Amino acid sequence: MLNYTYTFFLDAPDVWQTRLQDPASSTMEGILVFNKHILFIILVIVLLVGWLLVSTIINYQEFDNSQVWNFFHSNPLEIVWTSLPALTLLTLSSPSFSLLYSMDEISIPDFSIKILGHQWFWSYEISDFRSCLQTKTLKYTCYMLNSEELHNCKGFFRNLETNKRVILPTNTHMRLLVSAVDVLHSWTIPSFGLKIDACPGRLNQMNLFIKRFGVFFGQCSEICGVNHGFMPIVLLVLPLRQYHYLIMSSLENYPKSN
Ligand SMILES: [Cu+2]
């Protein structure tokens, strides 16, 4: 039984879901539009090829048509079936590249979040509040809740919940700095259209701007060892004002660190 007051804004995947998740960032909105664009072109190609195949089988069976016996080469046909796929690829490449490069754009961030992949959990650090809060760095280490811990938590998802939720604000430009301490991992949130590789010894960065509040789920997307499937990501995204209130009050009670 799910607790619906709690799950109202959950962006968890449905059972046997085959569609993409609802977008929460402009990147994911772009991916959804591009997906529909591609699906339309695929549909046209499938119908065209299917029609050609069926009509060829029906009209030219057993080579009883004299036209077929004498047909070996056609320049117009060569031009058409070379240029048509080229044009199709061009119509796909233009929105694809603009979407790809829009993801790489880094605007001036309001704050940065450091994300580290470990075997097999994620840790987070936010140190941009230090100047106003006397050298306090927010640090989270998020482990998956096992089935015994989930037993008393109504509405929680098996293999998808963590002991702590990373709290982020809406309508804020954030910079994600992602790395790993041991092996390759990948920090992925489907609703944001985000997938960043976490490589040991290398720092990857990406811009994040979340458009709506809710609880968002993700998982590691790079096979990283025996418990790769058990290091989920849970984000609680709050309206900016609530976020500030929560962060300020939690930092007041937070132990001092470097
Ligand atoms: Cu992994």
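Is asparagine 159 buried, partly exposed or exposed? Here is my note, with that one picked up in point 1.

1. Asparagine 159 is partly exposed, with a relative accessible area of 22%. For the cut-offs, buried means under 20% relative accessible area, exposed means over 50%, and partly exposed is in between (1.4 Å probe, protein chains only). You'll find asparagine 159 in the loop between helix 5 (147-150) and strand 5 (166-169). Its phi is positive, about 65°, although asparagine 159 is not a glycine.

2. Before you go on, know what you're looking at. This is a predicted model, where local features need pLDDT of at least 70 and side-chain atom pairs count only at pLDDT 80 or more, while totals for chains, interfaces and linings use all residues. Residues are numbered from 1 along each chain as its sequence is written, and side-chain values use heavy atoms, with hydrogens and water left out.

3. Now the overview. The protein chain has six helices and eleven strands; helices (H or I, at least four residues) and strands (E, at least two) are DSSP runs, numbered from the N terminus. Of its 258 residues, 35% count as buried. The chain exposes about 16,400 Å², and carbon and sulfur atoms supply 62% of that; accessible areas come from the Shrake-Rupley method with a 1.4 Å probe, and for residues only the protein chains shown count as cover. Take the contacts (heavy atoms within 4.5 Å) between residues at least 6 apart in sequence: 66% of them join residues at least 24 apart.

4. A handy thing to remember: an α-helix has 3.6 residues a turn, so residues three or four places apart point the same way.

5. Leucine 53 is in helix 2 too (residues 26-59), but this residue is exposed, at a relative accessible area of 54%. Together with Val54, Ile57 and Ile58, Leu53 makes a nonpolar surface patch of about 410 Å². Patches are made of residues with over 30% relative accessible area and no salt bridge, with like charges joined within 9 Å and nonpolar side chains (Val, Leu, Ile, Met, Phe, Trp, Tyr) within 5 Å.

6. In the model, residues 38-59 are 100% helix and 0% strand, with end C-alpha atoms 31 Å apart. Residues 79-101 are also 100% helix and 0% strand, and there the end C-alpha atoms lie 33 Å apart.

7. On to salt bridges (a side-chain nitrogen of Lys or Arg within 4 Å of a carboxyl oxygen of Asp or Glu). A search of the whole structure finds four. One of them pairs lysine 211 with glutamate 29, at 2.9 Å from N to O. Lysine 211 lies in the loop between strand 9 (204-208) and strand 10 (214-220) and glutamate 29 in helix 2, so this pair ties together parts that are 182 residues apart in sequence. Lysine 211 is partly exposed at 39% relative accessibility, and glutamate 29 is partly exposed at 32%.

8. Another salt bridge joins glutamate 125 and lysine 114, at 3.8 Å from N to O. Glutamate 125 sits in strand 3 (residues 121-126) and lysine 114 in strand 2 (residues 111-118), so the pair ties together parts eleven residues apart in sequence. Arginine 165 and glutamate 161 also meet in a salt bridge, at 2.8 Å, and both of these residues are buried.

9. Two backbone details to finish. The peptide bond from glutamine 119 to tryptophan 120 is cis, with omega near 0°, and tryptophan 120 lies in the loop between strand 2 and strand 3. Asparagine 171, in the loop between strand 5 and strand 6 (174-180), has a positive phi near 50° without being a glycine. Asparagine 171 counts as partly exposed, at 48% relative accessibility.
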